[in-house]
Amino acid sequence: MMRYHPLTILYRIYQLIKNSLILGILLFVVKRNSDFWLFEYGRYLFVAGVLLRLIYIVVSWFVETYEWDDRTFQLKKGLFVKHTSTIPFSKIQNVTRHTTLFHKLFGLTSLTFETAMDGDDDAITFQVVSNQHAAFLLELVNIEESHMSKLDEKESEKESEQTQQEQEVNEAENKVETDLVTHFEPTNLDLLKASFTSLSFLAIIPIVTGLYDIIGPLLPDSDHYQGVFYQIINSRWLIIMLSVVGVVIAIIIGIIRTFSRYGKYRISSSATHIYIERGLLDETHFAIEKQKIQGLEIEQTLLKRIFGLAEVKLISSANTQAEDYVVSVNSLYPFLPINRAYQLMEELLPDYYVEESMNRLTKISLYMKLLKPSWFWIVVTAGLFYFKPTIFQIDAAWWLLSLLLLLIVIMNRILDYLHTKYLISEDQLQWWHGGLTSRMFITKRRRVIEISYSQSILQRFFKLASISTMNRSIPARIETINDVPLDFAKTFQHWYLQRQKDTTYQQNG
Amino acid sequence: MNELEHRLSSKFPKARIISETIGNIIGLIVLAVLFWLDYYFGWPIWANWILIAVLLFAVAGTIWSFIEPHYLYRSWRYQISNEYLQLSYGVINKEWVTVPMSKIQSVSTSQGPIMRVYQLRSIKVETMGSSHVIPALEEQVALELRAKIAELAKLKEVDE
């Protein structure tokens, strides 16, 4: 039976301070003279809450324990109601090692094992753990996973029957058991591009307004500096100079932000796992077993499309919407050149192959997309008609806004028509869709847990259909493309009904 | 593609209309009470408008609830094989669903008071990400189907 690292207490207190700081300042500094009941009682509540939490943090450290055997973790917690949960190693989907500044200070790290289970106990988190112990825990889980892979071999053999090439790949995989291959590290040029596409230079706006909020009240006399302001306005040169300096500062801040987030980024893989390391100050190490990846997604926002960049995301069955990560953990790298993205996908997951030429929609689909009523536009227009808001003193603003919205809706639909491409091959499904932001989805037939296709009245008239797939994730991942020919929907269903080809059943149910 | 094999019980439209009508009557009574309260306490004018809008929807919904069950019955088909459960249904939007047996996690039947009168049962199938209901089958058919799905769903794929 093991307790968590004693510094967990300190870490939680640090988190408590971090989270309650703003509220504390509001209650005791900014509004210290306010008699408003909310602040009056809020202060008592705040103190009571913080004290209770402090007691809880200390006591819970004594109560929360964990232990392990060959196959499972057992976690115990609960002050009044004892709670024990058992989590088998085989259910662990991915591992994240997050080293914040706090951890660096003490030479420690944190470790999260995410599982595909639903509910509160879906992850095993070691908020503070020594590096050796972290390595030990990783080892513990990994050893079990290599046991697992023996079980899976049957399946991969079955897969590789299809092409010899795949068989070779499998053999190659078996040979390089532990060799790490680095696939991607961003160059400075990549990072520069990224800092412009991410619009991170706009970050200066909240920073400046934030600074003004803090400094503003401290500045002595507003009349006094209104004079300065007028002088600035009057001199054209000063304005030009100031705005140039402002822009340069904004760009520099944007670049620094991008470098600290995406600099020192490495994507590597072994035969069984994919590893992503990132961050200068806050380090994150993320590992996921290839076997557990349900599909892939490439996302291009309008701006990224202009720059030829894309973001690749892994779809895994674990719940990866963790709270305090700046970059979503399942994202490979948000600013990959599109060809590099395809290449990386194939390198990391040899099962997957990206086909460049895909089926496109016919003109009929375009008519369908344009004819479909936009409920969103109708509701907004009705609202605008009723309230008739005046914006910038323009009386006609309501129908101008409505018209603008209509144009955006139409443009989005035309773009969606242009972007939609689809292909099903042997055991793989791949499609692009989306308007302003377009997305590619790619998955294997055996990873799809349910399919459906549907037809609205209008689609029936045009002989079109919408098709959907569902993949394991939390919540279940549903992907849809609209207005494909009905024949393709039927082919799609037929293809799915051949699913047994790719799957093998467990011996004992 | 060929139509799927099985249909719902032919008693489905009748049972559905009765249960929906009961629901609608209760809804309309509640609405009538609200109108009376509006009149009695002199609620503001916008409350009036909302009530009228709700009334319009309720009336339209009531009319629809008399028409829909027949068409829904005609559209509903299901079929099971050793590997898949297939469903197709829908009046305005038509839907075709394919679920692999190995992904089904639970199957249950249930019976409300009106369905008991007609000796019908509904079947609910749940997977990791969705749930599907076959709304009305003859009691015997439903129990057999449940047993069969439960048997077939026992097989699990290696993948998980």
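I started at Arg12(A), which is buried at 17% relative accessible area. The model is predicted, and I read every value with that in mind.

I looked for a partner next. Arg12(A) makes a salt bridge to Glu64(A), with the closest N and O atoms 3.4 Å apart. Arg12(A) sits in helix α1 and Glu64(A) in the loop between α2 and β2, so the pair ties together parts 52 residues apart in sequence. Glu64(A) is buried as well, with a relative accessible area of 12%.

I then turned to Lys313(A). Its side chain meets that of Glu297(A) in a salt bridge, 4.0 Å from N to O. Glu297(A) belongs to strand β12 and Lys313(A) to strand β13, so the contact ties together parts 16 residues apart in sequence. I noted Glu297(A) as buried, at 3% relative accessibility.

Lys313(A) also pairs with Glu299(A), at 3.8 Å from N to O. This pair links strands β12 and β13 of chain A, its residues being 14 apart. Glu299(A) is buried because its relative accessibility is 18%, under the 20% limit.

The salt-bridge network takes in Glu297(A), Glu299(A), Lys313(A), Arg439(A), Arg477(A) and Glu479(A). Over all chains, I count 21 salt bridges.

Last, I checked phi. Most residues other than glycine have a negative phi. Lys463(A) has a positive one, near 55°. Lys463(A) lies in the loop between α15 and β20, and is exposed at 60% relative accessibility. Gln119(B) has a positive phi near 55°. Gln119(B) lies in the loop between α3 and β5 of chain B, and is partly exposed at 47%.

Notes
Residues numbered from 1 in each chain as written. Chains lettered and ligands numbered in written order. Predicted model: local features only at pLDDT ≥ 70, side-chain atom pairs only at ≥ 80, totals over all residues. Heavy atoms only, no water. Helix = DSSP H or I, 4+ residues; strand = E, 2+ residues; numbered from the N terminus. Buried < 20%, exposed > 50% of the residue type's maximum accessible area, 1.4 Å probe, protein only.
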